[in-house]
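These are my notebook entries on one structure. I looked up each point in turn and wrote down what I found.

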Amino acid sequence: MGMWLFLVTEILLFGGLFCAFAVFRSWYYADFVEAHHHLDRVMGAVNTVVLICSSLSMALAVRSAQMSKTRLTSLLIGATLALSCVFLAIKFVEYQHKFHEGLLPGKYFTAEGFHGHHAGMFFAVYFMMTGIHGVHILIGMGLMLWLLRRNLRGELSSRYYAPLEGFGLYWHLVDLVWIYLFPLLYLIG
Amino acid sequence: MSVSVTADDLEGNPAPRGTNYLNAERGLVSWLTTVDHKRIGLMYLGSVLVAFALGGFFALALRLELLSPKHTIMSAGAYNQSFTLHGAVMTFLFIIPSIPGALGNFLVPILLGAKDVAFPRLNLLSLYLYWIGAIFTLSSIVTGGLDTGWTFYVPYASTTNTSVLSVTFGVFVLGFSSVLTGLNFIVTMHKLRAPGMTWYRMPLILWSLYATSIVQILATPVLAITLLLLMAERVFHIGIFDPVYGGDPVLYQHFFWFYSHPAVYIMILPGMGIISELIAVHAQRKIFGYKAIAFSSVAIALVGFLVWGHHMFVSGQSELAATIFSFLTFIVSVPSGVKVFNWISTLYGGSIKFTAPMLFAMCFLFLFTIGGLTGLFLGMLSVDMHLHDTYFVVAHFHYVMMGGTVTAFLGGLHHWWPKMTGRMYSERLASVAAALYFIGFNVTFFSQFIMGTRGMPRRYYNYLDQFQPLHAFSTFGSWLLGAGFLLMLYYLLKSLKSGAVAPQNPWGGRSLEWTEAASPPVTENFTHRPVVTEGPYEFSRGQS
């Protein structure tokens, strides 16, 4: 129950950002549409698939812990970790590309060839949302390492798998946030 | 059943006391690493009282500056810092954590008949986060100060040279402390009630803490994201709030007040819960309208999310939005009114003892009513045009926050002092302190209502000569308040050393902390698991 309540707070946190996005998009519709074409949809789509797979491996990890299959649990947590690394690597490449082209928030927006003046606003929201989401992935990776350690020490089994289950809920939320982020930022226009 | 016992009734040598949560383990480390909710509550109590003293110091300083127009004891810049830090320290380091952290942590498990909260280690983490947040916030005092007002409005907050970053980060961390406490209370109340403790047999303070926890969980993350965005604006100039980069400062206000209005309900709801307990016990009367009070707490919590725009009537928001917010503001006052009527009805026909807790409860009824009613004036659009950003607003929120929450906090502190410490304080001195508090408070703040209606703006360093007599009167009141608090500090500390040993149930309460737990309780709270067979307000039929 505690984890569910915590997830409610996370929804409110990201909700604020989604709200800001909605407000600015309604005010600067043309600028936002123009700006979003500069996002790489292929990379975004790949990342979406990567995260969904990581949610699958996490769910399977919880199931295998319920069945006391310790080695399989470790493998699945490891797989989730690996997929998270892939996600962050792709994000890193995307960010690098943005920096290179000057597609940055507010004051630092230096890219050429834009019709509107508010593209910087789009990237402000883009970086805040994907950035905070990325921080949550990093925190999740740290927690996964801790859970992996606990599992290897034999602390998780069919009798006691609550930490893994709770983390699974958290991880599914992180995935869910991305599933909302991807269409809103990358696709609609 | 037993009647009220005060320290004046007890005499003779203190009996030797057994093992309790205070002496069960010794040493600083055992305290700093404890998971006992009672020790954590006590550490919160010490921390918030220090914060209160600091915030109070800033208040006395700024009131001293306002004794005369223009320069009195400090520069204009220093004055801006004084009122900003007064507000920030009082709001984030004192009033929000005070009742849930200090009294709630101590009481919730005992009132439910449980051994501890649902997540004791998370509780300790909340305390650590409080201290970490406090360090970041207070470090700003030495690194550059803060002069934005506690509301951090942009664009000033994103451009001023003062230590905005360390304070906003500190408050961000404090937010987590608040959320985790709320989370812990909700799970504890759902899962750890003793056998026979149905929802409607819970003491009303638990209902109010439940409602508070709901608000903490839903509102605090919005503050978190607001502060993160403010920090990003300040450091990276992302351009979301700052108009120079295409942002919208009114958006900041919407974000900020979406948290900060529910925050004031985080402040007052626990106080109202305390008042229910104080009035029932010290009038030895079953509370009138239990369910009405319980549900009104939840109603306040939920409707409180819909009224944030009443802080922004002059910000440029649309007339339609302003009208809707005004209407909802009137609606949210109704549940509070229901409570006040129910408390008064409880007193009627009761056997009232004028103990310190009862005195504070009566102060609350008077002061909170004034505060609440003046809120209605501010909620009226046409009137608010004249009163916005004047001393009328300052007086209003001090009447509800200080006259309301702080009064309730003090009442609760006195009521549960024997339970927490095992000692009785001097009733005589407590009555004097309560009187100083009540008189000092009204002298300080009633004059501010008058100043506000005559046009004195808030946060102003300099003012027209015509306001000086009222300012001087208000400053004099602040000295009375200070004296009252010093007296309280004195007799409470003295009771720890030489106060009479407290009996298990000095006030004749019927809830579990009085009927089943010792004063002070053992570490596990009870010697045997309590089974609840009746409600918490079943006083004996002799008093009707």
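I began with a term: helices (H or I, at least four residues) and strands (E, at least two) are DSSP runs, numbered from the N terminus. I then noted that this is a predicted model, in which local features need pLDDT of at least 70, side-chain atom pairs count only at pLDDT 80 or more, and totals for chains, interfaces and linings use all residues. Residues are numbered from 1 along each chain as its sequence is written, while chains are lettered from A and ligands numbered from 1 in the order in which they are written.

**Entry 1: B:His528**

I located B:His528 in the segment after α16 (512-515) of chain B. Is B:His528 buried or exposed? I used these cut-offs: a residue is buried if 20 or more other C-beta atoms, placed from the backbone, lie within 10 Å of its own, exposed if 12 or fewer, and partly exposed in between. B:His528 counts as exposed, because it has 7 C-beta neighbours inside 10 Å. I also looked up B:Ala517, which is 11 residues from B:His528 in sequence and 9.7 Å from it in space, C-alpha to C-alpha.

**Entry 2: chain B as a whole**

I found 16 helices and zero strands in chain B. Its radius of gyration (taken over C-alpha atoms) is 23 Å, close to the 24 Å that the globule rule gives for 544 residues, so chain B is as compact as a globular protein of that length. The rule itself is 2.2 Å times the number of residues to the power 0.38. The C-alpha trace of chain B spans about 65 × 45 × 45 Å along its principal axes. Of the 544 residues in chain B, 57% are buried.

**Entry 3: chain A as a whole**

Chain A has six helices and zero strands. Its C-alpha trace spans about 60 × 30 × 25 Å along the principal axes. I noted that 37% of the 189 residues in chain A are buried. For contacts, I took two residues whose C-beta atoms, placed from the backbone, lie within 7 Å. Among contacts in chain A between residues at least 6 apart in sequence, 78% join residues at least 24 apart.

**Entry 4: helix α6 of chain A**

I checked the length of α6(A), residues 162-187. The expected span of a helix is 1.5 Å times one less than its number of residues. The 26 residues of α6(A) should therefore span 38 Å, and the end C-alpha atoms are 37 Å apart, which agrees. Where does α6(A) bend? It bends by about 25° at A:Leu181, and a proline, A:Pro183, follows within four residues. The bend is the angle between axes fitted to the seven residues ending at a residue and the seven starting there. Among the buried residues of α6(A) are A:Trp171, A:Trp178 and A:Leu181. The buried residues of this helix pack against α1 (2-27), α2 (29-36), α3 (41-66) and α5 (119-152) of chain A.

**Entry 5: where the chains meet**

I recorded that 21 residues of chain A are in contact with 26 residues of chain B. On the side of chain A that touches chain B, the elements giving two or more residues are α1 and α5 of chain A. The largest share of that side, 11 residues, comes from α1(A).
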